[in-house]
Amino acid sequence: VIDRFSVLSPQVDFNRVWENAGMELYNTEFRMSEDLCNKFASRFASFANAQSVALIELETNMAFCFSKDTKIGTASAIKAPLALFVSKCIDDGLISWDDVKTYQWWHYQANSTGWVQKSPYGTAFSIKTLMDYMIRISDNQAYLMLKELVGAEEFEQMMAGLGSSRIIPKGGNWGDITAWEMASAWRE
């Protein structure tokens, strides 16, 4: 049961004080000039794909957002929230840094990143090594092995506790996340 993982980041009321062209400011006296607003809007519009941005200053909780609730493909960005969850599992004593996970054929992804894929199937890696590879060199196989170890549904429950909707579809490996959801994980 994931309820045992407490949310460590303080609860904050994010009071929107300014909004224009999909951009929002929270918890600040600052207001964006029309010229600066137009520059941001023009820049965001110049990208072919949808954009979602959320920046939170941790000491004051001032936040700047653009299209903060737009779902964007996670790609490797999902690795940071998963690392958070693995760390919570370690802190709670469910797993340890020295536990091992064995690399299997189903962890392999063609045209992928990382060092695990260069190892023979059956190679055992410590959780510490997998976390290092996942975060430092964006190893996709390390991500898949850690996600399998801690459980995708349990990970989703932790993210829900931080205010996220479902990120990874059932049976999937990657998913969609909003900038606001990602910022909540980074705050934690």
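**Notes on the sheet and its helices**

1. Helices here are DSSP runs of H or I with at least four residues, strands are E runs of at least two, and both are numbered from the N terminus. Isoleucine 56 has alanine 63 of β4 as its bridge partner. Six residues lie between β3 and β4 in this hairpin, and asparagine 61 in the turn has a positive phi of about 65°.

2. Before going further, please keep in mind that this is a predicted model, in which local features need pLDDT of at least 70 and side-chain atom pairs count only at pLDDT 80 or more, while totals for chains, interfaces and linings use all residues. Residues are numbered from 1 along each chain as its sequence is written, and side-chain values use heavy atoms, with hydrogens and water left out.

3. Now the sheet as a whole. It is open, has four strands in the order β1-β2-β4-β3, and its pairing is antiparallel. The edge strands, each pairing on one side only, are β1 (16–20) and β3. From one strand to the next the twist averages 10°. For this and the angles below, axes are lines fitted to C-alpha atoms, for helices over the stretch in contact, and angles run from 0 to 180 degrees between N-to-C directions.

4. Strand β4 (residues 63–66) deserves a look of its own. With β2 (residues 23–26) it pairs in the antiparallel sense over four bridges, and glutamate 24 stands opposite cysteine 65. Are the two faces of β4 covered or open? Both are covered: Ala63 and Cys65 are buried on one side, Phe64 and Phe66 on the other. Buried means under 20% relative accessible area, exposed over 50%, and partly exposed in between, with a 1.4 Å probe and protein chains only.

5. Helix α1 (residues 34–45) lies across β1, β2, β3 and β4 and runs at about 125° to β2. Helix α6 packs on the sheet, touching β3 and β4, and its direction makes about 30° with that of β3. Contact here means heavy atoms within 4.5 Å. In α6 (residues 179–187), eight of the nine residues are buried, including Trp180, Met182 and Arg187. The cover over these buried residues includes β3, β4, α2, α5 and β8 (176–177).

6. On to α2 (residues 79–91) and α3 (residues 127–136): their axes come within 10 Å and cross at roughly 160°. That makes α2 roughly antiparallel to α3; angles under 35 degrees count as roughly parallel, over 145 as roughly antiparallel, 65 to 115 as roughly perpendicular and the rest as oblique. Lys79, Ala80, Leu82, Ala83, Val86, Ser87 and Ile90 of α2 meet Ile127, Met131, Met134 and Ile135 of α3. By class, the residues of this contact are nine nonpolar, one polar and one charged. Nonpolar covers Ala, Val, Leu, Ile, Met, Phe, Trp, Tyr, Cys and Pro; charged covers Asp, Glu, Lys and Arg; the others, Gly among them, are polar.

7. How do α2 and α5 lie relative to each other? Their axes come within 10 Å and cross at roughly 100°, and α2 and α5 are therefore roughly perpendicular to each other. Pro81, Leu82, Leu84, Phe85 and Lys88 of α2 make the contact with Glu154, Phe155, Met158 and Met159 of α5. Those residues divide into seven nonpolar, no polar and two charged.

8. Helix α4 (residues 140–150) is mostly covered, with nine of its eleven residues buried. Among them are Tyr143, Leu144, Met145 and Lys147. Covering the buried residues of α4 are elements including α2, β6 (100–102), β7 (124–126), α3 and α5 (152–161).

9. Finally, some loop residues to check. Asparagine 61, in the loop between β3 and β4, is buried, with a relative accessible area of 14%. Serine 67 sits in the loop between β4 and β5 (72–73); its phi is near 45°, a positive value in a residue other than glycine, and at 24% relative accessibility serine 67 counts as partly exposed. Aspartate 98 lies in the loop between α2 and β6 and, at 65% relative accessibility, counts as exposed.

Key:
Pairing = 2+ DSSP bridges.
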